[in-house]
Amino acid sequence: MAGMLFDRLPQRVAALAPADPQYASQAVDLVLAAGRECGASDLHLLPSVEGLDVRMRIDGVLQPVTRLPALLAANVVARLKVLAELLTYRTDVPQEGRIRGGGGDVEMRVSTFPTLHGEKAVVRFFGGAGQYRYLADLGLPDDVRRAFQRLLAETGGAILVTGPAGSGKTTTVYACLRELALGPTPRSLVSLEDPIEVPLDGVAQSQVNPAAGIDLAVGLRFLMRQDPEVILVGEIRDRATAEAALQASLTGHLLLSTFHAGSAAEAVGRLADMGIEPYVLRSGLLAVIHQRLARRLCGCARLGDDPAAALGLPVRRFHLPKGCTACRGTGYHGRLLLVEMLIVGQTELGRAILGRSDAGRLERLAAAAGMITRWQRACHAIESGATSPAEVRRVLGLGEATRDGE
């Protein structure tokens with residue numbers, strides 16, 4: 001629930017004196033504090049002819065908040081760049097930095113990019129040190145959490161966490177590393193990231209350095225000489241990184257990484273399309289986890305009575321957002337995970353991977369072997385009143401959803 005500062009941000013900003021030399025500092029302090037208070041994941045400062053539009057991504061949805069004067073837009077972005085230790089005199093190139101000690105326990109990353117009307121700035125808020133630390137804190141279904149914990153005890157193989165941008169993939173792999181760091185048997189934990197998002201105790205974290213010729217693939221080959229047992233590769237983006245990561249998983253290393261894909265089966269198909277040999281996928285992959293974040297209905301939701309409002313989803317009952325002061329009229333508060341876990345093994349699914357089957361067949365085989373798909377999780381969430389049909393369609397799209405066994 002958004003707090004007092006967020007709700008009053010337009011009035012607080014309007015009360016600032018544009019002629020005050022401290023205007024930019026005060027405005028930045030206000031919007032950053034409001035973003036932290038309401039739990040925003042991102043703050044957008046978008047320049048336009050009319051002014052600097054302030055928007056915040058709350059529960060995955062970008063919402064307009066207020067507008068700052070156009071004449072002071074450059075000063076406000078410059079203030080952010082000072083806090084992030086960026087070059088204020090370079091407004092013609094993208095830059096990225098981090099705000100350290102920004103208040104509370106929320107870390108912030110700042111990215112700037114030149115646009116037609118000036119520099120756009122985006123601030124990413126990373127969860128505080130006390131949030132989402134371990135698998136039990138993520139809201140994973142019990143069956144997925146237990147399987148995840150068993151997989152983390154393996155000494156070799158790759159676990160991929162997939163999903164679109166903003167689906168919490170990095171949060172999940174970080175929780176895995178924290179679990180491993182606290183395990184009863186000490187293990188050598190290393191990471192190669194671009195960039196490092198949150199410092200982790202007990203993990204030797206490294207960041208790529210393209211200027212020095214150290215990209216993810218090259219850095220991973222050097223890390224292999226550091227006697228690692230568990231390796232986190234921040235993200236698999238290309239064939240070279242995928243090959244290096246999966247080869248590491250075949251040589252006695254537990255590998256964790258993230259990957260952009262629309263489903264667990266699609267992730268396997270995309271890796272095959274990259275040119276990764278099927279035998280490497282079958283032998284190297286332990287599991288592929290796919291996750292999406294859907295907004296959770298506020299307590300003000302009402303039971304739906306119009307079948308058309310189910311939007312074609314096979315659900316017996318559903319609730320619809322209403323809106324109240326607690327949810328600022330959105331009808332939603334907080335988010336929940338929709339997760340599917342595809343476990344690869346010496347099964348028909350493994351043989352299908354060797355046979356280069358397409359993603360559709362892989363998903364059908366995984367479901368037949370017991371995987372609960374993202375659509376099934378979504379329908380269960382709708383029927384339990386956790387989310388709405390419209391939210392599921394927003395997150396998962398217009399694909400077909402079926403019930404268990406149908």
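This is a short walk through one chain, from its overall build down to a few single residues.

Hi everyone, thanks for coming. Please keep in mind that what you see is a predicted model.

Let's begin with the whole chain. It has 14 helices and 15 strands. The radius of gyration is 23 Å, close to the 22 Å that the globule rule gives for 406 residues, so the chain is as compact as a globular protein of that length. Along the principal axes, the C-alpha atoms fill a box of roughly 70 × 60 × 40 Å. Of the 406 residues, 51% count as buried. As for contacts with a separation of 6 or more, 64% of them are between residues 24 or more positions apart.

Now please find strand S7, residues 157-162. How many of its residues are buried? The count is 6 of the 6, so S7 is largely enclosed by the rest of the structure. In a regular strand, side chains alternate between the two faces of the sheet. For S7, both faces are covered: Gly157, Ile159 and Val161 are buried on one side, and Ala158, Leu160 and Thr162 on the other.

Which strands pair with S7? One is S11, residues 254-259, which runs parallel to S7 and is joined to it by 6 bridges. There, Val161 has Thr258 as its bridge partner. Another is S12, residues 285-297, also paired in the parallel sense, over 5 bridges. On that side, Ala158 stands opposite Leu285.

Next, a helix: H7, residues 216-223. This one is mostly covered, with 6 of its 8 residues buried. Those are Leu216, Ala217, Val218, Gly219, Leu220 and Leu223. What do they pack against? Their neighbours are strand S8 (189-193), strand S10 (230-233) and helix H8 (239-249). Have a look at the start of H7 too, where a side-chain oxygen of Asp215 comes to within 3.3 Å of the backbone nitrogen of Ala217.

Thr66 lies in strand S3, residues 61-69. Is Thr66 buried or exposed? Its relative accessibility is 16%, and the cut-off for buried is under 20%, so Thr66 counts as buried. Leaving aside residues up to four places away in sequence, Thr66 touches Leu9, Pro10, Val13, Leu52, Asp53 and Val54.

The last stop is Arg295. The charged end of Arg295 sits over the ring of Tyr332, 4.1 Å from the ring centre.

That's my tour, and I'm happy to go back to any part of it.

Notes:
Residues are numbered from 1 along each chain as its sequence is written. This is a predicted model: local features need pLDDT of at least 70, side-chain atom pairs count only at pLDDT 80 or more; totals for chains, interfaces and linings use all residues. Side-chain values use heavy atoms; hydrogens and water are left out. A charge sits over a ring if NZ of Lys or CZ of Arg is within 6 Å of the ring centre and within 35 degrees of the ring normal. Buried means under 20% relative accessible area, exposed over 50%, partly exposed in between (1.4 Å probe, protein chains only). Helices (H or I, at least four residues) and strands (E, at least two) are DSSP runs, numbered from the N terminus. Contact means heavy atoms within 4.5 Å. A polar contact is a pair of N or O atoms within 3.5 Å; within protein, one must be able to donate a hydrogen and the other to accept it, and residues adjacent in sequence count only if both atoms are side-chain atoms. Two strands pair if DSSP finds at least two bridges between them. The radius of gyration is taken over C-alpha atoms; the globule rule is 2.2 Å times the number of residues to the power 0.38.
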